[in-house]
Amino acid sequence: MKRLRLSALAALLAALGLGFAAGFWMPDDDYFALRKNFEIFGAAYEELVGGYVEKIDPELFMRAGLEAMLAELDPYTVFFDEAEIHDMRLLMQGSYGGVGLTVEQRGGRATVSAPTENTSGYEQGVRAGDIITHVGARATDGLSLVDVYNLLRGEPGTTVELTIEREGEPEPLRFVLTREDVPVRSVTYHGFAGGDPASGLGYIKVDRFGRTAGGEVKAALEALQGAGTLRGLVLDLRGNPGGLLEAAVEITQLFVPQGVRIVSTRGRTAETERVYRSSAAPLAPDLPLVVLIDGLSASASEIVAGALKDHDRAHVLEQPTGGKRLGQVDRPPPHTNTR
């Protein structure tokens with residue numbers, strides 16, 4: 001049954017023009033099953049889209065089938081469309097092109113809650129409480145916050161026009177904002193207990209494991225060490241859903257001996273097996289350390305907490321986490337002719 005599911009998934013991805021590079025490891029019997037089930041699926045899909053009593057949107061119908069099929073596997077094998085994968089990669093890379101506006105829904109309308117200082121929106125006078133009625137020619141009524149943010153984001157250097165309603169202004173206001181490189185921080189706070197370096201107890205909050213997370217934690221740790229006598233550290237990973245495995249390794253090796261095993265990955269074939277070890281001398285090899293995790297901590301957060309605990313480098317104060325126990329890779333679609 002498992003082979004049939006995987007074959008059907010491959011067939012569905014192929015029909016979508018998405019696919020995954022599996023041919024290099026796929027045994028002949030699996031490949032035969034894939035081709036056979038692809039023919040069955042293709043015939044059924046064509047018959048339903050072309051002959052059903054009511055008109056079917058081919059793209060939405062295929063997407064529904066793909067998501068139903070992925071639901072048979074595990075909670076983490078998911079499909080991202082072009083916009084979603086772009087946003088995910090922007091967050092993992094550590095920056096995105098934006099106009100520096102934080103937006104929330106108030107009364108069903110896209111409302112600016114805070115402009116970020118020194119960004120285009122701030123400098124041109126967009127204020128908290130302004131209602132964004134249009135982004136370009138697109139009305140925001142009925143759009144989700146994700147949709148609004150997708151319209152605001154883009155390549156740094158490009159412009160976007162906003163139409164805004166402001167209390168006390170009789171006519172709509174228009175702003176042409178320039179998208180800029182807006183950093184996405186992984187470390188959102190660091191400091192000392194009570195704000196006093198004399199306490200000796202440092203605190204670092206890590207909200208995600210993006211590309212720059214390792215460097216950010218290192219910089220925060222160095223700042224704490226330089227500000228006073230650092231006698232202990234709290235590493236707060238609560239609510240952190242994870243991110244890049246390499247970032248988890250970089251953070252862990254700040255505290256464990258060089259050369260020790262941090263984590264290993266294993267897949268369907270021997271070629272996918274890999275052991276990650278600490279490749280640098282630790283910055284704080286003996287610093288007393290407490291790691292905080294909760295039910296929303298997952299993936300890379302679990303790797304850091306587990307590795308530090310395994311090497312007797314940290315006390316972990318925890319609530320049960322998701323226990324994901326797997327890593328993910330994204331597979332790009334093959335180049336297809338869509339004419």
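The crossing of helices α7 and α8 is right-handed, a term used when the near helix is turned clockwise from the far one by less than a right angle. This is a predicted model, in which local features need pLDDT of at least 70 and side-chain atom pairs count only at pLDDT 80 or more, while totals for chains, interfaces and linings use all residues. Residues are numbered from 1 along each chain as its sequence is written, and side-chain values use heavy atoms, with hydrogens and water left out.

**The α7 and α8 pair**

Helix α7 covers residues 213–227 and helix α8 residues 245–252; their axes come within 8 Å and cross at roughly 20°. Helices here are DSSP runs (H or I, at least four residues), strands likewise (E, at least two), numbered from the N terminus. The axes are lines fitted to C-alpha atoms over the stretch in contact, with angles from 0 to 180 degrees between N-to-C directions. The two helices are therefore roughly parallel to each other, a label for angles under 35 degrees.

On the α7 side, Ala-213, Gly-214, Gly-215 and Val-217 meet Ala-247, Glu-250 and Ile-251 of α8; contact means heavy atoms within 4.5 Å. These contact residues divide into 4 nonpolar, 2 polar and 1 charged. In this grouping Ala, Val, Leu, Ile, Met, Phe, Trp, Tyr, Cys and Pro are nonpolar, Asp, Glu, Lys and Arg are charged, and the others, Gly among them, are polar.

**Salt bridges**

The whole structure holds 9 salt bridges, each a side-chain nitrogen of Lys or Arg within 4 Å of a carboxyl oxygen of Asp or Glu. Some of them are listed here.

| Pair | N to O distance |
|---|---|
| Arg-106 and Glu-104 | 2.4 Å |
| Glu-216 and Arg-185 | 3.6 Å |
| Arg-174 and Glu-161 | 3.9 Å |

Arg-174 lies in strand β7 (residues 173–178) and Glu-161 in strand β6 (residues 159–165), so their bridge ties together parts that are 13 residues apart in sequence. Arg-174 is exposed at 58% relative accessibility, and Glu-161 is partly exposed at 34%. Buried means under 20% relative accessible area, exposed over 50%, and partly exposed in between, with a 1.4 Å probe and protein chains only.

Arg-106 is partly exposed at 40%, as is Glu-104 at 30%.

Glu-216 belongs to helix α7, and its partner Arg-185 to the loop between β8 (180–183) and β9 (187–192), 31 residues apart. Glu-216 is buried at 8%, whereas Arg-185 is partly exposed at 47%.

Notes. Angles under 35 degrees count as roughly parallel, over 145 as roughly antiparallel, 65 to 115 as roughly perpendicular and the rest as oblique.
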